[in-house]
Amino acid sequence: MGCSRISSTRVAIVVALTTILASCTSLPRSGPDHKDVDRDAAVKVTTKERRVGIDYALIDLSKNVLSYFTAPQPTSFKGFGGGRGGAPEIPLGFGDVVSVAIFEAQSGGLFIPSDAGSRPGNYISLPEQTIDRNGTITIPYAGRVPAAGRLKETVDEDVEDRLASRAIEPQVVITTTTSRSSQVAVLGDVNNPQRVEISPAGERVLDVISAAGGLTTNNIETNVTLQRRGKTATVAYTTLLKNPAENIYVAPDDTISIDHERRTYLALGAAGTSGRFDFEESDLTLGEAIAKAGGLATTRADPAQVLLYRLVPKKTVAAMHVDATRFTGETVPVIIRANLRDPATLFAVQQFKMEDKDIIYISNSASVELVKFLDIVNSVSSTISGVADDANDTSNAVQDLGN
């Protein structure tokens, strides 16, 4: 009976002290109390009922859901053409410097004097000239001949036709000495960004990257973007290495940009290790991402509440027959919940592909919150018991000294 009274008294004391400590502001802190922050604010911009006010959709991970979250289809260079066959023919262009040689069948013609005899090479070489802004070159007795955008062979034939009535069986050979129009700009994460000249043999995407000194970063997570006549496509550098069909021939005035994009995700809550993690792999699944973060903390985590936060295209959400009309913009905030208590979900998380900037949050088990409370009660109870014992010992010592 006495023990019951003592126990009841201790519980009452614990409850009273817990209430007092909860309202006490004199305890040590590492920063200002949240109540002080709220009270002393000159202006408050808060949300109703302490909610952030961002609507989101909650979707449980299942077999049917997986099909909507497959790895995004990368763009391809195949649409530009030039993947197979020989190198494309490169026409003359503005700013190119060319030399023109004109041959005649015998002396006494328009260009070869009669006293030349039968000397070897009945031809003359005209001074080098630049294809002007109008895209033409000037040939004596032929006038201004269009050249830009035409193949050299076509321009040769045009000049021959213009001289046919004046020269003796003229033959014309045009040679490019400096090609300024047939260049490709290589920019970004390469050792020597520059404009690379395309040779008649043709250069592919990897060729011009190599000519620019190669990559400055690891090829993992490096993307190659090709811009051509208003069209743009991006392909992973590793794809160019593995798939020769993507390593197409470049064309004049192409721009190739190399960009190393560090892909990361966050792991928070009851994960083995919280923090930001690099993908480091070309592909990463939800299961691998959880394992990379140390798995679930077995003493704290609720396996049924593994949450992944992601912005999902609205059209994907609508395809899942989810009402997306209340969401504005092109993306919908989505929380994907995986119940790892279900053995089948372990297969699902190994098929669910992670994306850059995903957030994984693992909730605490409900029992953890109870344990936290009981630890506080036990700590306060032990302190009260210790103080009472110390007071009793002190009182006995005083009485012994008096005697």
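Biologist: In which sense do S8 and strand S12 pair, and over how many bridges do they do so? Please describe the surroundings of this pair as well.

Modeller: S8 and strand S12, which covers residues 255-260, pair in the parallel sense, and four bridges link them. This is a predicted model, in which local features need pLDDT of at least 70 and side-chain atom pairs count only at pLDDT 80 or more, while totals for chains, interfaces and linings use all residues. Residues are numbered from 1 along each chain as its sequence is written, and side-chain values use heavy atoms, with hydrogens and water left out.

Two terms are needed at the outset. Strands (E, at least two residues) and helices (H or I, at least four) are DSSP runs numbered from the N terminus, and two strands pair if DSSP finds at least two bridges between them. In general, strands of a sheet pair through backbone hydrogen bonds, either parallel or antiparallel.

S8 also pairs with strand S9. Strand S8 spans residues 183-188 and strand S9 spans residues 194-197; their pairing is antiparallel, again over four bridges. Five residues make up the hairpin that leads from S8 to S9. Individual residues show how S8 is placed between its partners. On the S9 side, Val184 has Val196 as its bridge partner, and Val186 stands opposite Gln194. On the S12 side, Val186 stands opposite Ile256.

Asp253 is found in the loop between helix H6 (237-242) and S12. The phi of Asp253 is near 70 degrees, a positive value in a residue other than glycine. Asp253 is exposed, because its relative accessible area is 56%; exposed means over 50%, buried under 20% and partly exposed in between, with a 1.4 Å probe and protein chains only. Val208, by contrast, counts as buried, because its relative accessibility is 1%. Val208 lies in helix H5, which covers residues 205-211. Between Val208 and Glu197 there are 8.7 Å in space, C-alpha to C-alpha, and the two residues are eleven apart in sequence. Glu197 falls at the end of strand S9 (residues 194-197).

For comparison, the model holds another open sheet with mixed pairing, in which six strands follow the order S1-S16-S15-S17-S13-S14. Its edges are strand S1 (57-60) and strand S14 (275-278), each with a single partner strand, so one side of each is left without a neighbour in the sheet. The twist in this sheet averages 25 degrees from one strand to the next. S1 and strand S16 (residues 331-338) run parallel and are joined by four bridges. Within that pair, Ile59 has Ile336 in S16 as its bridge partner.

To return to the request, S8 pairs in the antiparallel sense with S9 and in the parallel sense with S12.

Conventions: Axes fitted to C-alpha atoms, helices over the stretch in contact; angles between N-to-C directions.
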